[in-house]
Amino acid sequence: MSTFQIDFGEARRSKVVGIDLGTTNSLVAYMDLTGPEIIADSEGRRIVPSVVSLTTDGNLVAGEPARELLLTSPERTVYSVKRLMGKGADDVKDEVKLFPFRIDPESTGVIKLKLGDRTLTPPEISAAVLKQLKENAETALDAVVEQAVITVPAYFNDAQRQATKDAGRLAGLEVLRLVNEPTAASLAYGLDKRQDGVIAVYDFGGGTFDISILRLHDGIFEVLATNGDTHLGGDDIDNLLLRIALEDLASEWKTDLSTDAEGVQRLRRAVIRAKEELSFVPETKLAFDYKGQHYQRALDRAIFERLIAPIVERTLEPCRACLKDAAHTPEQIDEVVMVGGSTRIPLVRAAVERLFKSKPHTELNPDEVVALGAAVQAGILSGDVEDKLLLDVTPLSLGIETMGGVVSKLIHRNSTIPASATEQFTTAVDGQRNVLIHVLQGERELVKDCRSLARFDLKEIAPMPAGFARIDVRLLIDANGILNVTARDARTGKEQSVEVKPSYGLTEDQVEAMIRESIEKGEEDLRERQVREARVEADNILAATEKAQRSDAWNDLSEPERQDVESAKRGLIAAYHGSDHRVINEKLEALNQATHTLAENMMNTAVRGALRGTKID
Amino acid sequence: MPPLPRDYYGFFGFDRKLAIDSAALQKRFYELSRQWHPDRFGRKSAEEQEMALEATSILNDGYRTLKDPVKRAEYLLTQDGFPIAEQRGKDVPPELLEEVFELNMMLEEVKSGDESARPQLEQSRQHFLGLREGVDRELLREFQRHDESVEASPTSKQALQEIRGLLNRRRYIENLIRDVERALNPVTPSRPAPG
C-alpha cells in the first residue's frame with residue numbers, strides 16, 4: 001500500500017463519526033451498513049469518562065486512566081469541564097464551590113484551569129477527550145478520522161457552542177455539525193417509523209437538562225420548541241448527597257474530610273454507586289472505607305427521593321415552558337423519549353409520566369442514544385442517509401443593545417435555523433469611522449440580564465456627516481446554532497469589515513495559536529521519538545561492534561583500520577546523549593562504514609568456520 | 001445556478017396573496033427544506049454550501065413570516081409600499097379613547113397596590129381579547145377582498161389601505177393586552193440569564 005496514492009474523492013469520503021461529548025461520559029459512534037454503532041476502545045469499553053489528567057511527564061491523558069488518576073493525583077485531574085465551556089471566571093463562582101476546579105486567578109474572558117504546572121482552557125481539556133475518542137475510532141475503523149458531528153445541549157448558547165467547535169479543531173477534527181443532544185436522540189430512536197406525530201425528548205444528563213418538542217413528518221424531524229437548563233444534571237444529585245455524607249461523616253469521624261481532595265473523590269464515588277443502585281433496588285448501603293476508618297449508612301429509595309425531589313422538580317418548569325412555546329398540551333404529545341443517565345432514576349420517570357400523561361420510552365440505553373443519533377446525523381451529512389432530515393431551532397433569542405441598556409430582539413427563540421435578521425446602523429458623530437455593535441442572547445429586556453455574546457466592530461466606515469452612513473448588518477445563525485455577522489454599506493453594496501470580540505470565547509487568533517502549539521508539541525514528540533529510535537539503533541551497532549572486536553576478525557584488521565573503528569565508535573558514543581537524531585544517525589553511518597571490512601572478515605571467518613565444520617561464536 | 005429569489009413569495013413559488021393555506025405552506029416548506037438544507041450539502045463544494053446556507057435562511061425566515069397571518073400581511077404591505085413601521089404611532093384610535101382612559105386608571109390602581117381593581121382588569125382583558133378577535137375576522141375578510149382584486153388585476157392595491165388600518169389597530173390592542181397581562185401577573189424573573 002502506497003501512502004502517496006491519494007484519491008481525493010476517497011480522501012473526502014474519510015469516515016465521519018458522531019460524538020457525544022458529555023459532562024460525565026463521552027462516546028463515539030459510527031454509521032455502518034446496518035445502522036449506528038458505538039465504537040469501543042481496544043479493551044472493549046464503550047464509554048470514555050470525560051476526565052482529563054496531566055501526567056507527571058507532562059502528557060494529557062483522558063478517559064479511564066484519567067479517572068483513576070482522579071483518586072491518586074486529584075490536583076492534576078479535572079472532570080465535568082463541560083460546565084465551564086464558553087464561560088467567564090465570574091460566571092462560575094458557584095461551581096467552584098462544588099467542583100474541585102482550580103481556576104487561574106488571572107483568567108480574563110476565557111477561564112483558565114490549573115492542572116499541575118500548566119494552565120489550560122476548557123476547550124483544550126475537552127480536546128483531550130475528543131482526541132481519545134478520535135484515536136479509539138481510528139483504531140476500531142482502521143481509517144483516518146478527521147471529521148465529526150459533535151452533540152451539544154440544546155440549550156447551549158453561542159459561546160458554549162463555539163467553545164465546543166474550538167475543542168474539535170484543537171483535537172484535529174473538522175466539526176461538520178454541532179447537533180443538539182435531544183434532537184440527535186430522536187434520530188436514533190427511529191420514531192420516524194410513524195408517519196406523523198409530535199414527540200417530546202426529555203434529556204437529563206450528567207450536567208445539563210434539555211427538553212425538546214418535535215413534529216415528525218415523513219422523515220423530517222422539525223423541532224417546534226426547546227428549553228432547558230445548562231446547569232442541572234446528575235452532578236447536582238451527586239453534590240447534594242456528597243454534601244450530606246460529608247456532614248454526617250464529620251460528626252462521626254470528628255474530622256472534616258472536605259479539604260482532603262482524595263478523600264472527597266473516594267466518597268463521591270461511593271455516593272454515586274449508592275445513587276445508581278437505588279434505581280434498581282429499594283434500599284442500599286452507602287459504604288466508605290478510608291485511611292483505616294469505616295463509614296456506613298443505610299439508604300432507602302424513599303429518603304433518596306425526598307432528597308432529590310426539588311432537583312427533579314426543577315426539570316419540569318422548562319418542560320411546561322417548552323409545551324407553551326410549541327403550542328401543545330401534554331395530551332397532544334404522542335410519545336416521550338428519555339435520554340441521559342439520570343432518567344434511570346424511578347422518580348424522574350414518574351415525574352415525566354405524570355407531566356406528559358404517558359409512559360415514556362426507555363428502550364434504548366440512555367447513555368448511548370445521543371452518540372448513536374450523532375452517528376445518524378454524520379450519515380446524513382455524508383449523504384449515506386437520505387430519508388431523514390433534522391430541522392432544529394435556536395434555543396435563545398438574539399438581540400442587540402440599543403439606547404438605555406435595552407435589548408432589541410432580532411431573532412426570536414425557537415426560530416428554525418439557519419435564521420437571519422438584518423438591521424441598519426448609522427453614525428452619531430461627523431466623520432465617525434467605527435460603529436460598535438453589542439450582540440446578546442437571552443429572553444430578558446435589559447442588557448444586564450442577557451448573556452453578552454460579542455462586540456462587533458464595524459471598521460473603516462467612509463467619513464460622512466453624522467447619520468449619513470447606512471450600514472446593513474446581517475446576523476445569521478447557522479445550522480450549528482452559531483452566530484455569523486456580516487455588514488455591508490447599503491449605498492455602495494461594499495462589504496464592510498467586521499472585527500469580532502467574543503465576550504467569553506477564544507478569538508480566532510487564540511485558537512490558531514493553540515493549534516500551532518499542539519503541532520509544535522507534536523513535532524517535539526516526533527523529534528523525541530526519532531532520537532529514541534536512533535539510540536536503539538546505536539545500541540545495536542555498538543553491541544555488534546564490541547562483539548566483533550572480541551572475535552578473530554578484529555585481529556585480521558590493519559592497525560589504521562582498527563583505529564578508524566575505534567574513532568567512529570567514540571564519535572557515536574559522544575553523539576549518543578545529544579538531542580539531535582540527525583547527528584546520531586550520521587555517526588551511526590560513519591561507524592557502519594568503518595566496520596565494513598570488519599563485518600566482511602566476520603562473514604569470511606564464519607564461512608571458513610562453516611566449511612571446517614566448527615561453530616564460530 | 002440562477003440567483004436565489006429573496007422575495008418570500010417568490011421563494012415558495014406562491015402567488016402574492018394574503019390568504020394562504022397553511023397545510024400547503026407547510027408541505028412546500030418541507031419540500032424546500034429537503035432541497036436546500038445545509039445537511040444535504042455535506043459533501044459539496046464550499047460555494048454550494050454557502051448557497052445552501054443562504055437559501056435555507058431565506059426559506060426559514062420566509063416560513064416564519066408567511067405562516068403568521070399578521071406578519072405575512074405586514075410583509076406584503078411593506079413590499080407594496082405601505083410600510084407598517086412608520087405608521088406605528090402612539091395615537092389612540094378614537095373609538096378606543098374612553099376605554100383606554102379607564103384602563104389606565106385601573107392599571108394605576110393595581111400598580112399602587114389596590115387589589116379591588118383586579119376583577120375589573122380581568123374583565124377588560126377579556127374585552128380586549130374580544131376586540132382582537134373582531135379585528136382578526138375583519139382582517140381575513142379584507143385578505144379575501146385583496147386577493148380577489150389582485151386576481152382581477154395583479155397591480156391592484158385595493159384593500160391595502162384598509163388592511164394597514166386594521167393592522168395598526170390590532171397592534172394597539174395587542175399592546176393593551178400586554179399591559180393588562182403584565183399588571184395581572186407581574187413579571188417575576190423566574191429564571192436567570194441563560195448560560
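Which residues of α9(A) are buried? I started there, keeping in mind that this is a predicted model. I found A:Phe304, A:Ile308, A:Ile311, A:Val312, A:Thr315, A:Pro318, A:Cys319, A:Cys322, A:Leu323 and A:Ala326.

Next I looked up what they pack against. The buried residues of α9(A) meet β12, β13 and β14 of chain A, along with α7 (234–253), β16 (293–300) and α10 (346–356) of that chain.

Then I checked the helix itself. α9 of chain A runs over residues 301–326, which is 26 residues. From first C-alpha to last it reaches 35 Å, close to the 38 Å expected at 1.5 Å a residue. I did find a kink of about 50° at A:Ile308, shortly before the proline A:Pro310. Just after α9(A), I noted a positive phi of about 55° at A:Ala327.

**The five-stranded sheet**

I followed β12, β13 and β14 into their sheet. Five strands of chain A make an open sheet with mixed pairing, in the order β17-β12-β13-β14-β18.

I zoomed in on one pair: β13 (residues 209–217) and β14 (residues 220–229) of chain A run antiparallel over nine bridges. Within it, A:Ser212 stands opposite A:Thr226 of β14(A). Helix α6 (residues 181–188) of chain A packs on this sheet, touching β12, β13, β14, β17 and β18 of chain A. I read its direction as about 125° from that of β12(A).

**The four-stranded sheet**

I then turned to another open sheet of chain A, an antiparallel one of four strands in the order β21-β24-β25-β26. Its edge strands are β21 (419–425) and β26 (495–496) of chain A, each pairing on one side only. Which helix packs on this sheet? I found α3 (residues 46–67) of chain B, which touches β21 and β24 of chain A and makes about 85° with the direction of β21(A).

**Where the chains touch**

That sent me to the contact between chains: 31 residues of chain A meet 19 residues of chain B. On the side of chain A, α11 (369–381), β18 (389–391) and β21 each give two or more residues. β18(A) gives the most, with three. I sorted this side of chain A into 16 nonpolar, 10 polar and five charged residues.

Notes. Residues are numbered from 1 along each chain as its sequence is written. Chains are lettered from A and ligands numbered from 1 in the order in which they are written. This is a predicted model: local features need pLDDT of at least 70, side-chain atom pairs count only at pLDDT 80 or more; totals for chains, interfaces and linings use all residues. Two strands pair if DSSP finds at least two bridges between them. Two residues are in contact if their C-beta atoms, placed from the backbone, lie within 7 Å. Axes are lines fitted to C-alpha atoms, for helices over the stretch in contact, and angles run from 0 to 180 degrees between N-to-C directions. Ala, Val, Leu, Ile, Met, Phe, Trp, Tyr, Cys and Pro count as nonpolar, Asp, Glu, Lys and Arg as charged, and the others, Gly among them, as polar. The expected span of a helix is 1.5 Å times one less than its number of residues. The bend at a residue is the angle between axes fitted to the seven residues ending there and the seven starting there. A residue is buried if 20 or more other C-beta atoms lie within 10 Å of its own, exposed if 12 or fewer, and partly exposed in between; C-beta atoms are placed from the backbone.
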